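Biologist: Let us go through this model together. I will ask what stands behind each label.

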Amino acid sequence: MLNHSPYWNILEHTTPQMFSSADQPHEKYIKFSRQIVQRRLQLHPDSRKCDQCWLTHERCICPHIKQVALKHDYFVILHPKEFLRASNTGKLLAVAGGSSSFPYSNAPREDGTYDYIPQVESSVKVFISGDPESDAYLLRELEQRDPRYVIIFYPSPDSIPLEDYLSVLVDHDKVGDDHHSLQRLTIVILDGTWNNANSLNRNLPAKFQLVRLFSPSSSSSSSSSDASPAFD
């Protein structure tokens, strides 16, 4: 039975851990995030950067990014230091999925700050950690979803291999070996350095399953082949 699986027991844990930070008070983190993000937004109009790929207009790669139809929903949570960085890669998923990697108003309010704009209909949603409006929207979106079908990509010691998670769902949903027939998943991607991603993970509700792409003993070639069908 599926509900006897240790993985499913983790998935059905429903006590939410609201946003907090183990290394600093959350209020301080919000202020830190707001200062970074709003400052970059204020400088952005004069930066000659593309709103979507965040490279200069002369080096814009948007026309070269192939558009893909995504089967699942993706939540890209950016650490504030990653927002509008040319070297950031999480933005590319939003661009490829036909979404916007720039979830803010084009014009500032009277006080010079910019509003976060929720991406309601997009398959790829970009969130900025520490922005109160973004955090609130993220929590609302997560709480509306069945936690069994929400996963967070983060290779912590208590994460499970993606192939194990999928095998549980395949058994439960009785779809045989056809991963394409699985119910629509919500896949959370933490975008930042290793230390920053660790903080992002701690700031999320604890009831969602953490997954890693490969088990330590798996070869990259075989694991890549096994894991890829669910994300086509």
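Biologist: What makes the stretch that holds Asn196 a helix?

Modeller: Asn196 is found in helix 6, residues 194-202. Helices are DSSP runs of H or I with at least four residues, strands are runs of E with at least two, and both are numbered from the N terminus. This is a predicted model: local features need pLDDT of at least 70, side-chain atom pairs count only at pLDDT 80 or more, and totals for chains, interfaces and linings use all residues. Residues are numbered from 1 along each chain as its sequence is written, and side-chain values use heavy atoms, without hydrogens and water.

Biologist: Why is Asn196 called buried?

Modeller: Its relative accessible area is 16%. Buried means under 20%, exposed over 50%, partly exposed in between, with a 1.4 Å probe and protein chains only. So Asn196 counts as buried.

Biologist: Which residues does Asn196 touch?

Modeller: His79 and Lys81, leaving out residues up to four places away in sequence. Contact means heavy atoms within 4.5 Å.

Biologist: How do you know that the span of helix 2 agrees with its number of residues?

Modeller: The expected span is 1.5 Å times one less than the number of residues. Helix 2 (residues 26-43) has 18 residues, so it should span 26 Å. Its end C-alpha atoms are 26 Å apart, which agrees.

Biologist: Which residues of helix 2 are buried, and what covers them?

Modeller: His26, Tyr29, Ser33, Ile36, Val37, Gln38 and Leu41 are buried. Their cover includes strand 2 (124-128), helix 4 (132-143) and helix 6.

Biologist: How many helices and strands are there in the protein?

Modeller: Seven helices and six strands.
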